[in-house]
Amino acid sequence: MSEPRRFWGTEAASGLAMISPTAIFAILLLAAPLATTLLYSVFTDGYLVVDPTFTVENYTKAWSSPVMQSIMARSLMVSMLVTAATVILAYPVAYFVSFNVAQDKKGLWLFLITIPFWTSYVIRVFMWNVMLGRTGVINSALIGVGVIETPFDLSFSVQAMVVTLAHAYAPFAILPIYVALEKIDRSLLEAGQDLGETRWTTFLRVTLPLSMSGVVAAVLIVFIPVIGDYVTPELVGGGKFPMIANVIETQMLKADNKPLGSAIAASAMLLVAMVSLVFIFMNRRYLRATK
Amino acid sequence: MKIPALRIYTIAYLVFLYTPIVILPIFAFNNATVIAFPLRGFTTEWFVAVWNDAELRGALINSLIVAASTSVLATTFGVFAARASTRYSFPGKAPMMGLIMLPMVLPEMILAMALLVVLLSLGIKLSLFTVILGHVLVCTPFSVAILSSAFQSLDKSLEEAAYDLGEGPVSTFRLVILPLVLPGIISSLLITFTISLDEFIISNFLKSGEELLSTYIYSKLRFPKYVPNIMALGTILVVISITLLTLAEYFRRRGLAKTGAKDSGGFV
């Protein structure tokens, strides 16, 4: 990516030259494919080929079919449950690391929290299948110790999918909340308590509102990948509870209907964008305040 | 102000996070094909089976080729983007950086399908190369995130001093900037290598016949007979991942210490 010599020296030109290799790569392999997907979604499916005749039929099919509606509803429900569970369970952990851990130990705690996240995703998901099954690790351990007599059965269920995903995306929720908590000026908390607030009311009226930007980031960063998860519905749900990613695969490859698959993918992106925007709008007060 | 309840809760949470990877080695050494308590006895049989699995060896070699290529390419792209975004202001910076970072929040299935559609319509045959392209796309944002903090903590006056002493932009980069951000680069190489090694969705849809580690594991999960081998293989992979991450964390901290920045915590 050589830039004509006369441009050297101006900051804008240097910056553009510097970013161009990465930006061109992203335009070719990300922007162009996403644009193609959008284009395909308004094309007609022909036999073995995609017929470039404009149609909105793919979208009507994707939104009006009861099967698709139930899959979209399930995907939304699972990802909302997972997001709520992950963020609520993660907040106290982020709070503990930010407020109760000595400065020089914080890095170590964050490292400990992120390690499980970096180990093989497929194996981690499969482990929950092994653990939650009727004859699985948890049941056999609980029966062996004598805590329960009849095994619970969570194999191939939506509940097991929620547990697995909440485990898989835990660090995604902890880190943004932690970053927001770290930015809070500690003297504000002292001021709150000097003015007669208890520790709990200080938390509710000072710490929580100031950390909401982190909570919003955590919600989005968990919600978006979870709604597009493919492996967990296959392995832990046993293929009985498909989510959006699974139907996209079915339409794109098994049914070879690329326009319909593209329309579902585009609808999924639209759904995610809408939910995210509504959520950001609901929390705009905190986002503005902490900027 | 110490609240013991919070500490207990956090430790319980860590136990939840670590349960799967602690269970893994327990059953990798257990002499039974069914993954359940009580344990039957110690064996290294499954590790021997993994070692002798020729198909697995092929998948491992493919994965190593992909991971090595991906980490070098993604880190190279990461250096350009991180340097551009921390050092210069230019028109279109925010949308360009947004596009580059987008794969971090886009569901991988959508990414994989969009790429697949374009590759097929251009008549490009699927191969390890197409897997590498997809992996680079996914790994670059992580590299940019790591390297941005490395470049951010650079003191601009060091660079100006080099210019004043008569160095050009290239030699300034090589002699002054590169040594200071090198730990960040090593950290980025290790992290992107780890992500690529574990990545499943893009590997699964952009590969042709040849298996990669993650797709090979996935294809074997349906067979109960093979599950103990997966436990053994998983144990090995966990050990490798933790080793790579510990190295990455070591280099990241060394980099921060070198440039005198305050440790702001984790990778992401």
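**View 1. Confidence in the predicted model.** pLDDT is the predictor's confidence in each residue, on a scale from 0 to 100. In this predicted model, local features need a pLDDT of at least 70 and side-chain atom pairs count only at pLDDT 80 or more, while totals for chains, interfaces and linings use all residues. Residues are numbered from 1 along each chain as its sequence is written, and chains are lettered from A, with ligands numbered from 1, in the order in which they are written. Chain A has a mean pLDDT of 85, with 95% of its residues reaching 70 or more, and chain B has a mean of 86, also with 95% of its residues at 70 or more. The model scores ipTM 0.82 and pTM 0.85.

**View 2. The side of chain A that touches chain B.** Counting two residues as in contact if their C-beta atoms, placed from the backbone, lie within 7 Å, 75 residues of chain A are in contact with 69 residues of chain B. Helix H1 (residues 11-40) of chain A gives the most to this side of chain A, with 21 residues. By class, this side has 53 nonpolar, 17 polar and five charged residues, where Ala, Val, Leu, Ile, Met, Phe, Trp, Tyr, Cys and Pro count as nonpolar, Asp, Glu, Lys and Arg as charged, and the others, Gly among them, as polar.

**View 3. Helix H1 of chain A against helix H4 of chain B.** The axes of H1(A) and H4(B) (residues 93-101) come within 9 Å and cross at roughly 45 degrees, the axes being lines fitted to C-alpha atoms over the stretch in contact, with angles from 0 to 180 degrees between N-to-C directions. H1(A) is therefore oblique to H4(B), since angles under 35 degrees count as roughly parallel, over 145 as roughly antiparallel, 65 to 115 as roughly perpendicular and the rest as oblique. Residues of H1(A) including A:Gly15, A:Ile19 and A:Leu30 meet residues of H4(B), among them B:Lys93 and B:Met96. The residues of this contact divide into eight nonpolar, two polar and one charged.

**View 4. Helices H3 and H10 within chain A.** Helix H3 (residues 66-100) and helix H10 (residues 199-227) of chain A pack at an angle of about 145 degrees, with their axes 9 Å apart. By class, their contact has ten nonpolar, four polar and no charged residues.

Key
Helices (H or I, at least four residues) and strands (E, at least two) are DSSP runs, numbered from the N terminus.
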